[in-house]
Amino acid sequence: DFSNLKIRIVGLGGRVLKRLGALPSSLPAGEIYKALESGRIDAAEWSGPHDDLKLGLDRAAKYYAYPGWWKGGAQLSLYVNQRAYDSLTNDNKAILEAASITAHLNIQARYDAFNPLALRELVSAGAQLMPFPQAVLDAAHKSALALYAELDGKNPAWKKIHTSQAQFLRDQAWSSGYTDLAFMTYMNQKALEQEKQKKSVPAGRR
């Protein structure tokens with residue numbers, strides 16, 4: 001499925017797909033639409049429904065594949081030179097930390113609110129949602145783990161961070177993978193049922 005697939009994707013996700021036979025490239029935002037439209041690339045990964053809609057990608061690509069396993073959640077980071085940070089007063093360090101946390105939470109909340117609305121608009125405009133088959137997800141996951149293992153052996157800093165994050169993911173799975181996911185699945189199902197019922201009622205009887 002991925003053999004010689006020309007896809008715009010960057011970072012670790014691109015490296016994973018390359019191991020599966022794809023041909024990843026890193027195009028800037030302004031070039032993605034034209035590249036899709038002209039056939040220069042076959043597929044593109046950008047951000048999420050809200051940003052994809054702004055780029056108009058649905059006008060150049062018919063199918064909207066999910067989930068975006070290469071970018072499972074937003075992670076905003078602020079990097080500060082160590083010497084510059086050490087020179088700050090304790091008050092300014094606290095201000096910097098508070099501002100970083102606030103920015104992260106605000107941006108995450110905005111995308112959580114905007115993405116569902118944008119996804120509905122994309123579908124209404126004709127985009128067809130297409131889930132990745134289980135076999136594709138399994139192959140990507142296996143490829144990712146192999147890549148991570150290679151990086152563990154080459155980069156001590158990577159290994160330290162990855163080991164910590166992998167353990168955190170395993171710990172969180174006991175909650176997110178059971179209670180949170182079950183609740184979200186149930187509530188989403190009910191919301192979709194209500195949406196279907198709303199559409200089935202004639203306008204004059206609402």
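Seven salt bridges turn up when the whole structure is searched (a salt bridge is a side-chain nitrogen of Lys or Arg within 4 Å of a carboxyl oxygen of Asp or Glu). Keep in mind that this is a predicted model, where local features need pLDDT of at least 70, side-chain atom pairs count only at pLDDT 80 or more, and totals for chains, interfaces and linings use all residues. Residues are numbered from 1 along each chain as its sequence is written, and side-chain values use heavy atoms, with hydrogens and water left out.

Arg8 sits in strand 1 and Glu45 in the loop between strand 3 and helix 3, 37 residues apart (helices are DSSP runs of H or I, at least four residues, and strands are runs of E, at least two, numbered from the N terminus).

Next, pick helix 1 (residues 11-19) and helix 6 (residues 134-154): their axes come within 9 Å and cross at roughly 110° (axes are lines fitted to C-alpha atoms, for helices over the stretch in contact, with angles from 0 to 180 degrees between N-to-C directions). Helix 1 and helix 6 are therefore roughly perpendicular (65 to 115 degrees counts as that). Among the residues making the contact are Leu12 and Arg15 of helix 1 and Ala140 and Tyr148 of helix 6 (contact means heavy atoms within 4.5 Å).

Now hop to Tyr66 and Pro67, joined by a cis peptide bond with omega about 0°. Pro67 is in the loop between strand 4 and helix 4.

Last stop: Asn4, in the segment before strand 1. Asn4 isn't glycine, yet its phi is positive, near 60°. Most residues other than glycine have a negative phi.

Note on methods: Parallel < 35°, antiparallel > 145°, perpendicular 65-115°, else oblique.
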